Amino acid sequence: MAKRVITFGEIMLRLAPEGYYRFVQADTFGATYGGGEANVAVSLANYGFDAAFVTKLPKHEIGQAAINSLRKYGVDTTEIARGGDRVGIYFLEKGASQRPSKVIYDRAGSSIATAKSSDFDWKHIFDGADWFHFTGITPALNDEVAAICLEACKAAKDAGLTISCDLNYRNKLWSKEKAGQVMGEICKYVDVCIANEEDAADVFGIKAANTDVTTGTVNHEGYKDVAKQLADRFGFSKVAITLRESLSANDNNWSAMLYDGNDYFFSKKYKMHIVDRVGGGDSFGGGLICACLNGYDAQATIEFAVAASCLKHSIEGDFNMVSMDEVSKLAGGDGSGRVQR
């Protein structure tokens, strides 16, 4: 029987100009759906897991369209609460060359932001589940949702689930001080922590030495120290840190590190030409969870997670539309991109 994973967060309507048009040039916007935890659920469903996404969405047709976007890929949506007035929106302008991508949020007052503790029966939701995943974006929505997230973590821990969290700091949603305070309490329940080169510094003030994300400089020894500090502070069994070297908006070097409490494991590095980078971190999280649940060793786990995320950067939209076989082939060394006949 497939392992069951529960993810909890907000799914939003994504509106984006065609291609590389700027917002002010656009006459039309393409509509898709996505959100940190929803993206992870889709990845896991594609890998053959029993993946469920939990949120709150309006009863109207746009709320249903968001649900349909998940059901299309086999995600279990039966635990989604219905109510409230709106689906959150984000606008995406794709960057190119030295012009960065831009995101504008229109999510205030969305259904999940108006959710109450009584909307979710966590004991029921976690029945028969193996893993619970959320990101730092969810508790950032407001104090009530942060409290719900903490309740979920406590219930997941009581039910014996493994809990993972992608720190995912968003400065448009809350301050570093608030993030550190709230996440500091929630992270006491987390087993597997996922972060990038900036999250640990922004949320917990833990910085890697000799690293500057704006110049694309990555220092491996510095990230070993960051991972150990995080694990020591919160008791994480695993810390995964993605290492993005931004050469331009279109071209990045991509790798990651996994710390298992004893040793450090670095993946191979991919030179990526990016089609769409939104959801890249979520696809890494999905790959990491998949590898952990499949019992991969530490090196194979970090290689699978990075390969999954590398492939996502070549796919339009938030969701990572790849199979286990495709990820395994890339993780195994076949990155030529040659036509498969």
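Residues are numbered from 1 along each chain as its sequence is written, and side-chain values use heavy atoms, with hydrogens and water left out. In this predicted model, local features need pLDDT of at least 70 and side-chain atom pairs count only at pLDDT 80 or more, whereas totals for chains, interfaces and linings use all residues.

**Stop 1: the largest pocket**

Select Val103, Arg170, Asn196, Glu198 and Arg277, which are the closest to the centre of the largest pocket among the 50 residues that line it. The space in this pocket is about 1,600 Å³. A pocket here is an open set of points on a 1 Å grid over the protein atoms alone, with protein on both sides within 12 Å along at least five of seven lines; lining residues have an atom within 4 Å of a point. Grid points are joined across faces, edges and corners, and a volume is the space filled by probe spheres set on the points.

Next, colour the elements that each supply at least two lining residues: the helices α1 (36–46), α6 (199–204) and α8 (280–293), and the strands β7 (89–93), β8 (102–106), β11 (192–195), β12 (238–246) and β13 (251–259). Helices (H or I, at least four residues) and strands (E, at least two) are DSSP runs, numbered from the N terminus. By class, the lining comprises 15 nonpolar, 18 polar and 17 charged residues. In this scheme Ala, Val, Leu, Ile, Met, Phe, Trp, Tyr, Cys and Pro count as nonpolar, Asp, Glu, Lys and Arg as charged, and the others, Gly among them, as polar.

**Stop 2: Asn39**

Move to Asn39 in helix α1. Asn39 has a relative accessible area of 2% and is therefore buried (under 20% relative accessible area; exposed is over 50%, partly exposed in between; 1.4 Å probe, protein chains only). Display its side chain together with that of Asp282: a polar contact of 2.8 Å joins them. A polar contact is a pair of N or O atoms within 3.5 Å; within protein, one must be able to donate a hydrogen and the other to accept it, and residues adjacent in sequence count only if both atoms are side-chain atoms. Beyond its neighbours within four places in sequence, Asn39 is in contact (heavy atoms within 4.5 Å) with Gly34, Gly279, Asp282, Asp318 and Phe319.

**Stop 3: the cavity**

There is one cavity of 30 Å³ or more, a cavity being a set of points where a 1.4 Å probe fits but cannot get out. The largest cavity holds about 90 Å³ of space. To outline it, select Tyr20, Leu92, Lys94, Gly95, Ser101, Ala249, Asn250, Ile274, Val275, Asp276, Arg277 and Val278. This lining has six nonpolar, three polar and three charged residues.

**Stop 4: strand β2**

Select residues 12–17, strand β2, where six of six residues are buried. Met12, Arg14 and Ala16 lie on one side and Leu13, Leu15 and Pro17 on the other, so that both faces are covered. Two strands pair if DSSP finds at least two bridges between them. β2 runs antiparallel to β3 (residues 29–34), with six bridges, and Met12 has Gly34 as its bridge partner there. β2 runs parallel to β7, with three bridges; Arg14 stands opposite Tyr90 in that strand.

**Stop 5: strand β9**

Select residues 131–135 next; five of the five residues of β9 are buried, so the strand is largely enclosed by the rest of the structure. Trp131, His133 and Thr135 point one way, and Phe132 and Phe134 the other. β9 pairs in the parallel sense with β1 (residues 4–8) over three bridges, where Val5 is the partner of Trp131. With β10 (residues 162–166), β9 forms five parallel bridges, one of them between Phe132 and Ile163.

**Stop 6**

Thr55 is in the loop between β4 (50–54) and β5 (56–57) and is buried, at 1% relative accessibility. A polar atom of the Thr55 side chain lies 2.6 Å from the backbone oxygen of Gly9. The contacts of Thr55 outside its sequence neighbourhood of four places include Glu79, Ile112 and Phe120.

Finish at Ile302 in helix α9 (residues 298–312), which is buried with a relative accessible area of 0%. Ile302 and Met257 are 45 residues apart in sequence, with their C-alpha atoms 6.8 Å apart. Among the residues that Ile302 touches, beyond four places in sequence, are Met257, Phe265, Phe266 and Phe284.
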